[in-house]
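Thanks for coming. I will go through one chain this morning, starting from the whole and ending with a few single residues.

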Amino acid sequence: MNSIKKIAGVLTLFSIAVSMPFQSWSQQTTGFKVLNDYNISSPGGWDYITVDGANKRVYVSHSTQVNVISTTGDSIGYIPKTTGVHGIALVHALNKGFTSNGRINSITVFDLKTLKVTGEITLDARGPDAIFYDDFSKKVITCNGGSKNLSFVDPATEKVVATVPLGEKLETAVSDGKGKIFVNGENNSTIHVVDATTYKEIATYKIDGGESPSGLDMDRKTNRLFIACGDSKTMVVMNASNGKTVAKFPIGDPDGLVFDPELKIAYASNGEGTITAVRELSADKFELIENIKTEPGARTIGIDLVTHHLFLPTAKFGETPAATTDNPRPRPKMVPGSFHVIEVGK
């Protein structure tokens with residue numbers, strides 16, 4: 001993921017393609033709105049944001065460091081030595097955090113209490129992007145976009161224990177908590193299913209109705225995957241047992257997606273400045289609730305499962321430079337000092 005690489009194409013408003021055969025949507029609303037705005041003054045781009053609601057902390061990837069703020073916006077500290085950081089995974093049982101460093105092909109290990117860096121794990125991989133902790137296998141897993149594989153890391157020994165080739169650029173992944181890892185492949189618009197015990201790919205599902213998947217989350221109880229697809233601007237709901245599309249909804253240009261298991265709502269964050277909210281009524285019935293207004297550029301998202309609030313990083317942008325031969329698709333310039341995190345809830 002790269003939350004600013006597509007900024008030039010997402011600063012315009014989007015419209016819902018009502019002519020497509022999507023499920024009908026409800027007139028209900030979430031009642032969500034932007035509640036707070038937390039400034040982070042250091043420079044640089046960003047990607048994933050991880051919210052630890054139980055401990056009231058928000059971990060914000062920010063170029064060469066991770067900024068840590070409280071869920072009320074107070075600065076707690078930062079984690080250095082994370083060049084090209086994409087994501088942050090937390091392993092509370094070991095009091096350890098892990099960051100995926102895309103530019104230096106490594107994982108930084110840090111102490112959750114002090115935020116001090118305690119180690120670095122060198123990956124035999126290129127471009128580690130998403131990172132998460134699988135509570136079934138007790139492994140930290142990185143999705144490596146450059147080398148098109150997964151790295152499984154033992155967080156206790158801080159050693160790579162397996163590498164799983166999947167043959168295409170990978171975005172993010174999620175676990176069903178029962179031994180299966182689901183990974184979205186951007187190039188071929190597929191979901192790869194990996195056995196977390198044998199470290200083997202056991203199935204591949206073509207995403208029917210969505211192209212270029214990025215955000216991914218899951219309802220473990222109903223075994224349903226929620227997939228945010230950028231090129232087709234759709235959220236696809238997939239049966240994780242067989243890869244069949246259960247529902248699909250129009251969204252904007254997304255990067256992130258989170259699912260609230262208590263409220264039964266999936267939220268896709270769109271760069272146009274909206275969050276598309278879809279409610280799960282049952283395993284086979286879903287409804288579009290609304291598009292919550294946020295800010296342009298807010299394409300990645302984290303969820304506080306205690307308060308049910310959402311956190312999204314973004315910035316203010318100036319004019320887009322003229323296209324040149326060397327740079328045919330220039331990005332708008334970020335206004336210095338404007339990086340911030342917005343909190344959405346009710």
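One definition before anything else: two strands pair if DSSP finds at least two bridges between them. With that in hand, take M235, which stands opposite F249 in β21. I will come back to that pair of strands. Please keep in mind throughout that this is a predicted model.

The whole chain, then. There are 28 strands and one helix. The radius of gyration is 19 Å, close to the 20 Å that the globule rule gives for 346 residues, so the chain is as compact as a globular protein of that length. Along the principal axes, the C-alpha atoms fill a box of roughly 50 × 45 × 45 Å. Of the 346 residues, 58% are buried. If you take contacts between residues at least 6 apart in sequence, 48% of them join residues at least 24 apart.

On charge, I count 36 positive and 37 negative side chains, with the centres of the two sets 1 Å apart.

Now back to β20, residues 234-239. Why call this strand largely enclosed by the rest of the structure? Because six of its six residues are buried, and buried here means under 20% relative accessible area. In a regular strand the side chains alternate between the two faces of the sheet. For β20, T234, V236 and M238 lie on one side and M235, V237 and N239 on the other, and both faces are covered.

Next, β7, residues 96-101. Six of the six residues are buried here too, so β7 is largely enclosed by the rest of the structure. K96, F98 and S100 are buried on one side, and G97, T99 and N101 on the other.

β7 runs antiparallel to β6, residues 85-91, with five bridges between them, and V85 is opposite N101. Four residues separate β6 and β7 in their hairpin, where N95 in the turn has a positive phi of about 55°. Six bridges, again antiparallel, link β7 to β8, residues 106-111. F98 has V109 of β8 as its bridge partner. The β7 and β8 hairpin also has four residues between the strands, with N105 at a positive phi near 55°.

S106 is in β8 and is buried, with a relative accessible area of 1%. Setting aside neighbours within four places in sequence, S106 has contacts that include T99, S100 and N101, as well as E120, I121, T122, L123 and P128.

Is E319 buried or exposed? E319 sits in the loop between β27 and β28, and at 72% relative accessibility it counts as exposed. Not counting residues up to four places away in sequence, E319 touches P332 and K333. K333 is 14 residues from E319 in sequence, with 6.3 Å between their C-alpha atoms.

That is what I have; questions are welcome.

Methods
Residues are numbered from 1 along each chain as its sequence is written. This is a predicted model: local features need pLDDT of at least 70, side-chain atom pairs count only at pLDDT 80 or more; totals for chains, interfaces and linings use all residues. Side-chain values use heavy atoms; hydrogens and water are left out. Helices (H or I, at least four residues) and strands (E, at least two) are DSSP runs, numbered from the N terminus. The radius of gyration is taken over C-alpha atoms; the globule rule is 2.2 Å times the number of residues to the power 0.38. Buried means under 20% relative accessible area, exposed over 50%, partly exposed in between (1.4 Å probe, protein chains only). Contact means heavy atoms within 4.5 Å. Lys and Arg count as positive and Asp and Glu as negative; His and the chain ends are not counted. The place of a charge is taken as NZ of Lys, CZ of Arg, CG of Asp or CD of Glu.
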